[in-house]
Amino acid sequence: MRLLFIGDIVGRAGRTIFLELIPRLRATWRLDCVVANAENAARGFGITETICADLLAAGADCVTLGNHGFDQREALVFINREPRLLRPHNYPSGAPGNGAHMFETASGARILIINLLGRVFMEALDDPFATAAREISACPLETGCDAFIIDFHAEASSEKQAFAHFVDGRVSLVAGTHTHVPTADYQILPHGTAYITNVGMTGDYDSVIGMEKEEPVRRFLTKLPAARFEPAAGAATLCGVGVELDPRGLAAKIAPVRIGGRLPQASPEFWPIEQEAAAY
Ligand SMILES: [Fe+2]
Ligand SMILES: [Fe+2]
């Protein structure tokens, strides 16, 4: 089974490359599942119903959020009618929407996705470790589902690594999101879970974590806000990881995906890429 996980889509630049490339990559790579974090898709802050619908129509099976999930207040409402849009699962009970989604692929495989928020250097929700343990025992790999994907949205690398080891061998993929810079530690952990500390954002990397750089630099210098943060509008890099699963739902291969924009380009050598996308 083939999974593609795409990191935080930031603003129009991030949306544009996602909408342009995903339909082609999905077909060329014969992907079974595409998950995209889109907590920054609407002008850098949150997501709107229209944007969510566009990402799903382009080929995302599931869209995840994070600490910015409800920055656009309409998400508090429309998330209740879109089961493929996930906010962190460890919100206190009563939060709108869901934090977990299971769907069946065309070939009948059951894929479970959950979104969790870390607690170190962030607003602390319920314990993400306990939340994950509960979901894993309710829906274990092989008997309950055929692939189990976790978007662990967290600031601290230590928390993400500790979490990944905690679930190693029990889920297919732990994809770290939120910090917006791709890390080079993509790997298959000893018991078979694919892991990366941060997938990286899908946005313009001539920026400060996806935002036009002038205002963040000014704020560091003056400690005063002078303008709104705006997403950087240059060419974006589509950032993600590609994962190939074995029949047990554990990882056989993982590789980074970086297409377009300023970053060094990368795509899984175990999935040949079409010329058109390669030349993007
Ligand atoms: Fe983000
Ligand atoms: Fe975030």
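Donors are N, O and S atoms within 2.8 Å of the metal (3.2 Å for Na, K and Ca), and sites may look incomplete because water is not among the atoms. The model is predicted, with local features needing pLDDT of at least 70 and side-chain atom pairs counting only at pLDDT 80 or more, while totals for chains, interfaces and linings use all residues; side-chain values use heavy atoms, without hydrogens and water. Residues are numbered from 1 along each chain as its sequence is written, and chains are lettered from A and ligands numbered from 1 in the order in which they are written.

**View 1. Glu39 between two iron ions.** Glu39 bridges the iron ion (ligand 1) and the iron ion (ligand 2), and the two ions lie 3.5 Å apart. Glu39 has a relative accessible area of 1% and is buried (under 20% relative accessible area; exposed is over 50% and partly exposed in between, with a 1.4 Å probe and protein chains only).

**View 2. The site of the iron ion (ligand 1).** Asp8 (OD), Glu39 (OE), Asn40 (OD1) and His180 (NE2) coordinate this ion at 2.1 to 2.2 Å. Angles among the 4 donor atoms run from 86 to 163°, and the site is irregular. Four donors are tetrahedral if all angles lie between 85 and 135 degrees; four are square planar and six octahedral if opposite donors are over 155 degrees apart and all others between 65 and 115; anything else is irregular. The donor residues follow the spacing D-x30-E-N-x139-H in sequence. Asn40 sits in the loop between β2 (33-37) and α2 (49-58), and His180 in the loop between β8 (173-177) and β9 (187-188), so the pair ties together parts that are 140 residues apart in sequence. Helices (H or I, at least four residues) and strands (E, at least two) are DSSP runs, numbered from the N terminus. Asn40 is buried at 3% relative accessible area, and His180 is buried at 5%.

**View 3. The site of the iron ion (ligand 2).** Glu39 (OE), Asn67 (OD1), His153 (NE2) and His178 (ND1) are the protein donors, 2.1 Å from the ion. This site is also irregular, with angles of 87 to 144° among its 4 donor atoms. Its donor residues are spaced E-x27-N-x85-H-x24-H. His178 counts as buried, at 13% relative accessibility.

**View 4. The surroundings of Thr105.** Thr105 lies in the loop between β5 (100-104) and β6 (110-117) and is buried at 8% relative accessibility. Thr105 touches Asp32 and Ile111, leaving aside residues up to four places away in sequence; contact means heavy atoms within 4.5 Å. Thr105 and Cys33 are 72 residues apart in sequence and 7.5 Å apart in space, C-alpha to C-alpha.
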